[in-house]
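Dear colleague,

Please find below the structure that I am handing over to you. My findings follow directly after it.

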Amino acid sequence: MGPMRPMGPMRPMKTTVALPCPKRPLDASQISLTKNQIVRLSKGILKYLCIALENNRKEMKSILEGRPALKAEIEKIAEVAGYLWQNGWAERNGGNITVNITEYADDELRQLPAISDVKQIGITLPALKGCYFYCKGTGKRMRDLARWPMQNGSVIRILDDCASYVIIADEAVMPTSELPSHLIVHAKQIEKGTGYKATVHTHPIELVAMSHNREFLGKDVLTRILWSMIPETKAFCPLGLGIVPYTLPGSNELAEATLKELEDYDVVMWEKHGVFAKGTDVMDAFDQIDVLSKSAKIYIDARCMGFEPEGMSDEQMAEMTRAFNLPR
Ligand code: 13P
Ligand code: ZN
């Protein structure tokens, strides 16, 4: 074997096809191409179309341009996505965020054509007619969304049948597989006029670990442990942590169970999977999970040091309820 030649820069593949070059106007019946030439010609055309489409996409402006309030909202989502990743709660594509952005949908945005075909939600939610949501894309990573929110999520418009939607911007990124859970909760917030605009699902390590102990899954057992670790948890998560028994991710059953449990609690635990929170905005939803997670860490740290933490007494917790006028 002779000496290896150093590899030069890759040359682009030749895709040109030699066509007859007549001086007179071309008569199509005179063109005869071999099968191989037709294949190469088709590949060339396809490549040209792909480049043209990509250039067109790059030139298209984002819906965030000229909409500073919407841009600020999306930047908040990106910031929270970064926190989820930094906390170790968002392995691979783990977790999802959706935010009701209908208040930012001006006439121009409402006129934007669909960039996807019509997709079914799986449930009918009349309260969502004509609403707009930013949704994390299914399979997309939080750590990528933190830097490029409009390439790792998309804005959808709920159609008049209240059972389907289309993607309108910026790119045709398919929304999260947990869309039924998110939308069913958003619909309830609109019906009740709570003003909650954001929902977050994530996989916090310590909280999920605790959901593997059946003893903790009894009604309010985990809530009481977490509240008693630090006064702020009761103050900022005053309804506590509800429990949804293990249910298939992405299913309508999970959506319905989540909705039911969120009637009584601030945040719900999806047993052996993750947590789901609603909030006035995405920061608020994140804060509630963060506060619960902090308590879970304190509990586990105490157990790791070899003792059962004492926890605040019933009287100390009742004092918090009175002092901060808490609902429970
Ligand atoms: P998606 O990538 O579809 O958002 O799913 C992530 C997840 O956590 C499912 O529960
Ligand atoms: Zn999940």
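A residue is buried if 20 or more other C-beta atoms lie within 10 Å of its own, exposed if 12 or fewer, and partly exposed in between, with C-beta atoms placed from the backbone. Helices (H or I, at least four residues) and strands (E, at least two) are DSSP runs, numbered from the N terminus. Just after α11, N325 takes a positive phi of about 50°.

Please note that this is a predicted model, in which local features need pLDDT of at least 70 and side-chain atom pairs count only at pLDDT 80 or more, while totals for chains, interfaces and linings use all residues. Residues are numbered from 1 along each chain as its sequence is written, and chains are lettered from A and ligands numbered from 1 in the order in which they are written. The average pLDDT (the predictor's confidence in each residue, from 0 to 100) is 91 for the chain, and 88% of the residues score at least 70. Over residues 1-22, however, pLDDT stays under 50.

I turn next to the sheet. Nine strands form an open sheet with mixed pairing, in the order β2-β5-β4-β3-β1-β6-β9-β8-β7; two strands pair if DSSP finds at least two bridges between them. At the edges are β2 (119-120) and β7 (241-244), each of which pairs on one side only. Helix α2 (residues 68-86) packs on the sheet and touches β1 (96-100), β3 (132-136) and β6 (198-202), its direction making about 160° with that of β1. Axes are lines fitted to C-alpha atoms, for helices over the stretch in contact, and angles run from 0 to 180 degrees between N-to-C directions. Strands β8 (residues 267-270) and β9 (residues 274-279) pair in the antiparallel sense over four bridges, and W270 has G274 in β9 as its bridge partner.

Q120 belongs to strand β2. This residue counts as exposed because it has 10 C-beta neighbours inside 10 Å. Beyond its neighbours within four places in sequence, Q120 is in contact with A163 and S164; contact requires C-beta atoms, placed from the backbone, within 7 Å.

Finally, the residues around ligand 1 include N93, K136, E178, H201 and P249, where a residue is near if its C-beta atom, placed from the backbone, lies within 6 Å. The shell divides into one nonpolar, nine polar and two charged residues. Ala, Val, Leu, Ile, Met, Phe, Trp, Tyr, Cys and Pro count as nonpolar, Asp, Glu, Lys and Arg as charged, and the others, Gly among them, as polar.

Yours sincerely

How values were computed:
Contact = placed C-beta atoms within 7 Å.
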